[in-house]
Amino acid sequence: VQLVESGGGLVQAGNSLRLSCAASGGTFRTYAMGWFRQAPGKEREFVSAVSRTGGNTVFADSVKGRFTISRDNAKNTVYLQMNNLEREDTAVYYCAAEEITTDYVGHLRDAKWYDYWGPGTQVTVSS
């Protein structure tokens, strides 16, 4: 499956952005989807994930209450709504897919479970 992120850009702190990740070449509803990010000089870190049906979600503590994740299986797309952005949110954001047969999300904080990755989209938050 191929993943392509979009929606990144430059935004002032306190504002919002919505990232999209469009999938093609696979059966989207069979994949759990996740978002990760990597800031300059830092390790890649987990942001959020959503189960195949969209019924279960999980968030990193650093974004809980500010970010939401959703998916539209009819459009083969997963979204990351980012509100009240902070400078610390500046990073390249990647979406990832794991082929899975359940709606379980407990393991999705770990990048090792994902089978496919997008090329990333840059998000820069200015003060």
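Trainee: Let's start in the middle of things. Which residue in E11 is the bridge partner of Val92?
Mentor: Gln122 is the bridge partner of Val92 in E11. Strands here (E, at least two residues) are DSSP runs numbered from the N terminus. Before we go on: this is a predicted model, where local features need pLDDT of at least 70 and side-chain atom pairs count only at pLDDT 80 or more, while totals for chains, interfaces and linings use all residues. Residues are numbered from 1 along each chain as its sequence is written, and side-chain values use heavy atoms, with hydrogens and water left out.

Trainee: Got it. How many bridges pair E9 with strand E11?
Mentor: Three bridges, and the two strands pair in the antiparallel sense, with E11 covering residues 121–126. Two strands count as paired if DSSP finds at least two bridges between them.

Trainee: What else does E9 pair with?
Mentor: E4 joins E9 through eight bridges, and those two run antiparallel. Ala97 has Tyr116 as its bridge partner in E10.

Trainee: Is E9 largely enclosed or exposed?
Mentor: Seven of its nine residues are buried, so E9 is largely enclosed by the rest of the structure. Buried means under 20% relative accessible area, exposed means over 50%, and partly exposed is in between (1.4 Å probe, protein chains only).

Trainee: New topic. How many disulfides does the search of the whole structure find?
Mentor: One. The disulfide joins Cys21 to Cys95, with S to S at 1.9 Å. The cut-off is a pair of cysteine sulfur atoms within 2.5 Å. Cys21 lies in strand E3 and Cys95 in strand E9, so the pair ties together parts that are 74 residues apart in sequence.

Trainee: Why is it called right-handed?
Mentor: The torsion about the S-S bond of Cys21 and Cys95 is about 40°, so the disulfide is right-handed.

Trainee: And are the two cysteines buried or exposed?
Mentor: Cys21 counts as buried at 0% relative accessibility. Cys95 counts as buried at 0% too.

Trainee: What does E3 pair with?
Mentor: E1 pairs with E3 in the antiparallel sense over five bridges. Ser6 has Ser20 as its bridge partner in E3, and Leu3 has Ala23. E3 is also joined to E8 by six bridges, and they run antiparallel. There, Leu17 stands opposite Met82 in E8.

Trainee: What about the largest nonpolar core: which residues touch the most other members?
Mentor: Met33, Trp35, Leu80, Met82 and Tyr93, out of the 40 residues in that core. Elements giving two or more residues to this core include E4, E9 and E11. A nonpolar core is a set of buried Ala, Val, Leu, Ile, Met, Phe, Trp, Tyr and Cys residues joined through side-chain atoms within 4.5 Å.

Trainee: How many aromatic pairs are there?
Mentor: Searching the whole structure gives five. One of them is Phe36 with Tyr114, an edge-to-face pair at 5.2 Å centre to centre and 85° between the planes. Rings of Phe, Tyr and Trp (its six-membered ring) pair if their centres lie within 6.5 Å; planes under 30 degrees apart count as stacked, over 60 as edge-to-face and the rest as tilted.

Trainee: Where do Phe36 and Tyr114 lie?
Mentor: Phe36 lies in strand E4 (residues 31–38) and Tyr114 in the loop between strand E9 (91–99) and strand E10 (116–117), so the pair ties together parts that are 78 residues apart in sequence. Phe36 counts as buried at 2% relative accessibility, and Tyr114 is buried with a relative accessible area of 6%. Ring pairs also link Phe36, Phe46, Tyr114 and Trp117 into a cluster.

Trainee: Which arginine lies over the face of Trp117?
Mentor: Arg44, at 4.2 Å from the ring centre. Arg71 lies over the face of Phe28, at 4.3 Å from the ring centre. A charge sits over a ring if NZ of Lys or CZ of Arg is within 6 Å of the ring centre and within 35 degrees of the ring normal.

Notes:
Helices (H or I, at least four residues) and strands (E, at least two) are DSSP runs, numbered from the N terminus.
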